[in-house]
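Colleague: I should like to go through the reasoning behind several assignments in this model. Please set each value against its criterion.

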Amino acid sequence: MGEGAAELDIRAEIQTRVDEIEQIIKGYLPVEEGWQKTIMEAMNYSILAGGKRLRPMLMSETYRLFGGKSKVIEPFMAAMEMIHTYSLVHDDLPAMDNDEYRRGKKTTHAVYGEAMGILAGDALLNYAFETAAKAFDMEPDNRNIGKAIQILATKAGIYGMVGGQVVDVQSEDSGDITKEKLDFIYRLKTGALIESSMLIGAVLAGATKNEQNTIGKAATEVGLAFQIQDDILDVTSTLEVLGKPIGSDEKNHKATYVSFEGLEKAKEDVALYTKSAVAGMNSLVVKNEFLNELLLYLISREK
């Protein structure tokens, strides 16, 4: 099989899984009713505006990697996408990145107003935990569910994604940014939810502590590679391909891997982190070929 055919094949497999994930997410979205139905509309608009569904995909594939077969993973997949979406809704706000387009569509605050944009993010974060907790209804005696919720909470909060965002915002305001600080921001702001996704998949499938450690390290490297690739695309892509304005990092005077290392070194780092992550995955006794292909595909993505 030639390279082009292989890429088409992986893209088709990814799309099949995205379609499955979309159905799972839709099954957990709130019904748009009651006096507060505007917030449900804004939540659903935000989460159904598209996206790669990468985090729930990494979660379900890691779950499968360790032999997981129950539907108990599904509320966590939906919850993860809700948390990811809330972070984007808040990121786009005027006080943050001030973006009016996301995935080629108007951002939530641009459609519903700033106040409702803030509340939609709040609502999605809270609803994520309401959704994840539904796993207890499925398997009340599964002690791994509590551990998975703990991971979900920690990696989304001050020791994870929010912590990374705080340092990011403060660095922008002060102009005080170093390569070490940028690494810290990326590991938390982007890496934490990817780590959370893969760790939750491993934990719910009953992976050993050593296996969880291997997954955690690989996920950290995937997160770094993914964010550096984002920086590269911000410089090299177009609005049509990327679905958001290019050059937004430069416009917002954001330090990126590209501004620190240059384009070529950034590309080398993406390849390096990805290869290391795949090597870690290959060290496991269990195998999931699609998961490895997915990780490799991420470095060649155009959006």
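Colleague: Between which helices is the place of Arg-53?

Modeller: In this predicted model, Arg-53 is in the loop between helix 2 (37-47) and helix 3 (54-65). Arg-53 has a positive phi of about 55° although it is not a glycine.

Colleague: Why is Arg-53 called buried?

Modeller: Buried means under 20% relative accessible area. The value for Arg-53 is 1%, so the residue is buried.

Colleague: How many aromatic pairs does the rule give?

Modeller: The count comes to two aromatic pairs.

Colleague: Why is the pair of Tyr-45 and Tyr-112 called edge-to-face?

Modeller: Ring centres must lie within 6.5 Å, and planes over 60 degrees apart count as edge-to-face. The centres of Tyr-45 and Tyr-112 are 5.8 Å apart and their planes are at 65°, so the pair is edge-to-face. This pair links distant parts of the chain, with Tyr-45 in helix 2 and Tyr-112 in helix 5 (residues 108-112), 67 residues apart. Tyr-45 is partly exposed at a relative accessible area of 24%, and Tyr-112 is partly exposed at 26%.

Colleague: What makes the pair of Tyr-186 and Tyr-257 stacked?

Modeller: Planes under 30 degrees apart count as stacked. For Tyr-186 and Tyr-257 there are 25° between the planes and 5.5 Å centre to centre, and the pair is stacked. Tyr-186 in helix 10 (residues 179-189) and Tyr-257 in helix 15 (residues 257-261) are 71 residues apart, and the pair links distant parts of the chain. Tyr-186 counts as buried at 6% relative accessibility; Tyr-257 is buried at 0%.

Colleague: How do you know that the span of helix 12 agrees with its 28 residues?

Modeller: At 1.5 Å a residue, helix 12 (residues 209-236) should span 40 Å, and its end C-alpha atoms are 40 Å apart, which agrees.

Colleague: Why is helix 12 called largely enclosed by the rest of the structure?

Modeller: Of its 28 residues, 20 are buried, so helix 12 is largely enclosed.

Colleague: Which residue lies over the face of Phe-290?

Modeller: Arg-17 lies over that face, at 3.6 Å from the ring centre. The distance cut-off is within 6 Å.

Conventions. Residues numbered from 1 in each chain as written. Predicted model: local features only at pLDDT ≥ 70, side-chain atom pairs only at ≥ 80, totals over all residues. Heavy atoms only, no water. Helix = DSSP H or I, 4+ residues; strand = E, 2+ residues; numbered from the N terminus. Buried < 20%, exposed > 50% of the residue type's maximum accessible area, 1.4 Å probe, protein only. Expected span 1.5 Å × (residues − 1). Phe/Tyr/Trp six-rings, centres within 6.5 Å; stacked < 30°, edge-to-face > 60°. Lys NZ or Arg CZ within 6 Å of the ring centre and 35° of its normal.
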